[in-house]
Amino acid sequence: MKSMKFIIFILFLTTLFIGCSNNDDQEDLVVAEVSVNNSVLFDDTSDFDGDIDGDFTGNGGSTTRTFTWNNSEPTADYNADITATANGSFRMVVRDANNNSVLDRSLSGASEPDSFSGVTQTGTPGIWSVTITLTNFKGDGSFSLSEGN
C-alpha cells in the first residue's frame, strides 16, 4: 500500500512539474506590440481622431500595424523615439487621403539617431493611414502625430 501511495505521489509531482514548465514556453515567445492612445493594436484599426500618442515594445519580434486617422489639415507634426540596445528597426509610413506617401522614416536599434521629428510633406486632408512596422525589434519607444497647419 505504501508503494502505491509513493507511485501516486511521484506521478502527482511529475504532472505538477510538467504543467508548470509549459508556462516557461510563453516567456520565450518573441513578440512586438504597438499601442495607440493606450489601446494595443491586435489588428488593423480605423478612425482615430485628434492627437495620436503611440507606444511600441518588442523582445526581438516583428509586426506591422496600420490604423487610419482623420487629419483635417494638409500636413501633420510627427515625433518618434526608441530605446533599443540591439539591432532591429522601427518604421513609420504616413499616407494622405489620396494614398500618397507624406512620411516614410525609420530608426535602427543600437545606433544614432534614436529619434526623429518634423512636419510631413503636404498632402490631401481627410482620412490618412499610418503604418508602424517593427522588425526584429528589441526595446521600446513612442511616436506621436498631430494635425499640422
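Analyst: A nonpolar core is a set of buried Ala, Val, Leu, Ile, Met, Phe, Trp, Tyr and Cys residues joined through side-chain atoms within 4.5 Å, where buried means under 20% relative accessible area, exposed over 50% and partly exposed in between, with a 1.4 Å probe and protein chains only. This is a predicted model, in which local features need pLDDT of at least 70 and side-chain atom pairs count only at pLDDT 80 or more, while totals for chains, interfaces and linings use all residues. Residues are numbered from 1 along each chain as its sequence is written, and side-chain values use heavy atoms, with hydrogens and water left out.

User: How many residues does the largest nonpolar core have, and which have the most contacts inside it?

Analyst: In soluble globular proteins, nonpolar side chains tend to be buried together. Here the largest nonpolar core has 28 residues, and Phe67, Phe90, Met92 and Phe143 have the most contacts inside it. At least two residues of this core come from each of strand E1 (32-36), E4, strand E5 (76-84), strand E6 (89-95), E7 and E9, and E9 supplies the largest share, seven residues.

User: What do the strand labels refer to, and how many helices and strands are there in the protein?

Analyst: Helices (H or I, at least four residues) and strands (E, at least two) are DSSP runs, numbered from the N terminus. The protein has one helix and nine strands, and along the sequence they follow the pattern α-β-β-β-β-β-β-β-β-β. Of the 149 residues, 32% are buried. With contact taken as heavy atoms within 4.5 Å, 72% of the contacts between residues at least 6 apart in sequence join residues at least 24 apart.

User: How should I read aromatic pairs, and how many does a search of the whole structure find?

Analyst: Rings of Phe, Tyr and Trp (its six-membered ring) pair if their centres lie within 6.5 Å, and planes under 30 degrees apart count as stacked, over 60 as edge-to-face and the rest as tilted. The search of the whole structure finds eight aromatic pairs. For tryptophan 69 and tryptophan 128 the ring centres are 6.1 Å apart and the planes stand at 90°, so the pair is edge-to-face. The pair links distant parts of the chain, since tryptophan 69 is in strand E4 and tryptophan 128 is in strand E9 (residues 126-147), 59 residues apart. Tryptophan 69 is buried at 0% relative accessibility, and tryptophan 128 is likewise buried at 0%. One aromatic cluster is formed by Phe56, Phe67, Tyr78, Phe90, Phe116, Phe137 and Phe143.

User: Which atoms does the side chain of asparagine 71 reach?

Analyst: A polar contact is a pair of N or O atoms within 3.5 Å; within protein, one must be able to donate a hydrogen and the other to accept it, and residues adjacent in sequence count only if both atoms are side-chain atoms. Asparagine 71 is found in strand E4 (residues 52-71) and counts as buried at 0% relative accessibility. Its side chain reaches the backbone nitrogen of glutamate 73 at 3.0 Å, and a polar atom of that side chain lies 3.1 Å from the backbone oxygen of threonine 75. Leaving aside residues up to four places away in sequence, asparagine 71 touches Ala76, Pro125, Gly126, Trp128, Glu147 and Gly148.

User: How many salt bridges does a search of the whole structure find?

Analyst: A salt bridge is a side-chain nitrogen of Lys or Arg within 4 Å of a carboxyl oxygen of Asp or Glu. The search finds one, formed by arginine 91 with aspartate 104, whose closest N and O atoms are 2.6 Å apart. Arginine 91 lies in strand E6 and aspartate 104 in strand E7, so the pair ties together parts that are 13 residues apart in sequence. Arginine 91 is partly exposed at 38% relative accessibility, as is aspartate 104 at 41%.

User: Where is there a cis peptide bond, and which residues have a positive phi although they are not glycine?

Analyst: Most residues other than glycine have a negative phi, and most peptide bonds are trans. A cis peptide bond joins glutamate 112 and proline 113, with omega about -5°, and proline 113 is found in the loop between strand E7 (101-108) and strand E8 (115-119). Alanine 110 has a positive phi of about 60° and has its place in the loop between E7 and E8. Asparagine 136 has a positive phi of about 45°, and its place is in strand E9.
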